[in-house]
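Please read it alongside the sequence and the coordinates.

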Amino acid sequence: MENQKTQTIISELKEEAKQSLERPLVEYFKEESKRVETMSVSAPYIFADFSKNLLSWKTFQKLCQIPLTLQIEEKIKNMFSGDNINTTEVRPALHTLLRKIETPSSPSLVNKHALCMKTLQQMESITREISEGKRKSAFGERITDVVNIGIGGSHLGSKLILDALRKKTSLLNIHFLENADQNEIARVLHALEPRNTLFLIASKAFSTGETLLNAHEAKKWLSQSHPCPEDLNKSFIGITNNSSAANAFGISTENILPLWDWVGGRFSVWSAIGLPIALGQGMTTFYDFLAGAREMDDHFLNSAVNSNLPIILALLSFWNHNCLGAESYAVVPYCDNLRFFPSYLQQLEMESNGKSITLDGNEAPYNTAPITWGGVGTASQHAFFQLIHQGTRMIPVDFILPLQTGNFNQELEHYRVANCLAQSETLMLGNREKNTKPEKSLAGSRPSTTLMLENLSPRALGALLSLYEHKTETLGFLWNINSFDQWGVENGKNAATRIMQGLNSKNYSGHDQSTSSLMRKYVERIVKDEKE
Ligand code: F6P
């Protein structure tokens, strides 16, 4: 039934979508004198102008009726209340509880919230002990460098935020080890001293192949210069929902910070997974980061649909992809500090909503998540904007434009802002002058949304990530899918285990002919190398 409701909405919008695709976008500005005013919205730390999207104000008003039809607001409240909306794992999705300060009114959340608060206190004391030099490495020396070993949601958020903040502090140097790659390990560890290095093993499951391989490599690296390898415990902190596996690896319980199954990995930067942010920039910064997200949560919970930025972004995405047929969208931050934002969003949006089965177990009769991709502006203008301006595909763009970046060179700042606005203007206007040669003509009417971020403060960054989390959740509700599981990655992991066994035993059977042949080619190559 729910699928049918969504399908009906898409069908009812088909005619309007057809008309929108035939009308020059700029026409809407002639007809709707207050278009910019009515198609802009202010949310905490973010001002969004979505007037350059390919739909009339009237159509936008129709989109704003959808949440009512699909009881979206009720689904949002159920999520905040801790209902088991992750239906296939029968779990809540309570990442919002991690950043809530006051005790929840609902009794069912009080204990979970107390765990969140306790963990914040643990993070606070670890950060203080290390920055004051009270907590030493296993070598009895001051910790100056921290290596976060984790992947996906146990890596991307902290890496993005630390890189965005960049504020040089006297605190620690934070490094990230993600892939199981000897070259990455060498790049990260080559300049570090074992005696001054602390490793965070960040893994909700504590069974992720890359993370465990890297954790064992880290242990080997430390052991080479530690007289009593069994005493390495003090050089590790585990952040996990699987403390027994962390104990088995050699991390004692007092050095483990908890995660819970009611927080999804790609939604976990607000938990102890965010410890690198506190260690690198201070706990006050981490609290501000949580506060910014909390302000966006309140905006999401309490704003009417047509002034609710997360819901508007979701409705525009629904319109662009389910009605206008766009297959992907680009997110382009015009600021180097947000260079890792596209990668962060790829996991958040594509691992959450890259699903083809709806909540009732049927095949989705409509498209779900589009492909999220992007890059930093202005460099992207010298890479893929040619295709977005003049290619055969319509690719909507989210421009993320921080207004204050801490950079006081006016010429550079004007250049950055001018280029961002120029791209969205050109996408809309194209260049249809009569005597334009075909190879130089731009169709125009290509949609974009410009999100002006007040600054790059921890609060603004928290609000930005919370905004896209809530956009993602709302789209999941619109598409009637489970945004909080990720069964699609399991088969690849299992296949890798089988292939590893085949490579080690030089037994290539049990695979398709192509894979067997490639396995053999690889092994023969390394054997040849070893003989040479
Ligand atoms: O990609 C699958 C996934 O489970 C992600 O959802 C998660 O963020 C990542 O792997 C790492 O998982 P863990 O934190 O359990 O090591």
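Predicted model: local features only at pLDDT ≥ 70, side-chain atom pairs only at ≥ 80, totals over all residues.

Residues are numbered from 1 along each chain as its sequence is written, and side-chain values use heavy atoms, with hydrogens and water left out.

**Helix packing**

Two packed helices are described by the angle between their axes and the distance between the axes. Axes are lines fitted to C-alpha atoms, for helices over the stretch in contact, and angles run from 0 to 180 degrees between N-to-C directions. Helices (H or I, at least four residues) and strands (E, at least two) are DSSP runs, numbered from the N terminus.

| Helix pair | Angle | Axis distance |
|---|---|---|
| α15 (residues 341-353) and α18 (residues 458-479) | about 20 degrees | 10 Å |
| α6 (residues 72-81) and α18 | about 125 degrees | 10 Å |
| α19 (residues 490-505) and α20 (residues 513-531) | about 45 degrees | 10 Å |

Orientation classes follow from the angle: under 35 degrees is roughly parallel, over 145 roughly antiparallel, 65 to 115 roughly perpendicular, and the rest oblique. Contact means heavy atoms within 4.5 Å. For contact residues, Ala, Val, Leu, Ile, Met, Phe, Trp, Tyr, Cys and Pro count as nonpolar, Asp, Glu, Lys and Arg as charged, and the others, Gly among them, as polar.

Take α15 and α18 first. They pack at about 20 degrees, so they are roughly parallel to each other. Their crossing is right-handed. On the α15 side, the contact residues are Phe-341, Tyr-344, Leu-345, Leu-348, Glu-349, Ser-352 and Asn-353. Among their partners in α18 are Leu-464, Leu-465, Tyr-468, Leu-475 and Trp-479. The residues of this contact split into 9 nonpolar, 4 polar and 3 charged.

Helix α18 also packs against α6, at about 125 degrees. These two helices are therefore oblique to each other. The crossing of α6 and α18 is right-handed. Helix α6 contributes Ile-72, Lys-75, Ile-76, Met-79 and Phe-80, while α18 contributes His-470, Glu-473, Thr-474, Phe-477 and Leu-478. This contact of α6 with α18 has 6 nonpolar, 2 polar and 2 charged residues.

The pair α19 and α20 packs at about 45 degrees. That makes α19 oblique to α20. Their crossing is right-handed. Ile-499, Gly-502 and Leu-503 of α19 meet Thr-515, Met-519, Tyr-522 and Val-523 of α20. The contact of α19 with α20 has 5 nonpolar and 2 polar residues, with no charged ones.

**Buried residues**

Buried means under 20% relative accessible area, exposed over 50%, and partly exposed in between (1.4 Å probe, protein chains only).

Gln-281 is in helix α12 (residues 275-281). Its relative accessibility is 8%, so Gln-281 counts as buried. A polar atom of the Gln-281 side chain lies 2.8 Å from the backbone oxygen of Lys-167. Not counting residues up to four places away in sequence, Gln-281 touches Leu-162, Leu-165, Arg-166, Lys-167, Thr-169 and Leu-171.

Met-283 lies in helix α13 (residues 283-302). Met-283 counts as buried, at 8% relative accessibility. Leaving aside neighbours within four places in sequence, Met-283 contacts Leu-120, Met-123, Glu-124, Thr-127 and Ala-278. Ile-273 is 10 residues from Met-283 along the chain, and their C-alpha atoms are separated by 13 Å.

Asp-163 sits in helix α8 (residues 156-165). Asp-163 is buried, with a relative accessible area of 12%. Not counting residues up to four places away in sequence, Asp-163 touches Asp-336, Asn-337, Arg-339 and Phe-340.

**Backbone geometry**

The peptide bond from Gly-377 to Thr-378 is cis, with omega near 10 degrees. Thr-378 lies in the loop between β9 (371-374) and α16 (385-390).

Tyr-45 is not a glycine, yet has a positive phi of about 70 degrees. Tyr-45 is in the loop between β1 (40-43) and β2 (46-49). Tyr-45 is buried, at 16% relative accessible area.

Phe-206, likewise not a glycine, has a positive phi of about 50 degrees. Phe-206 lies in the loop between β5 (197-202) and α10 (209-223). Phe-206 is buried, with a relative accessible area of 4%.

Terms used:
Left-handed = near helix turned anticlockwise from the far one by under 90°. Polar contact = N/O pair within 3.5 Å; in protein donor to acceptor, adjacent residues only side chain to side chain.
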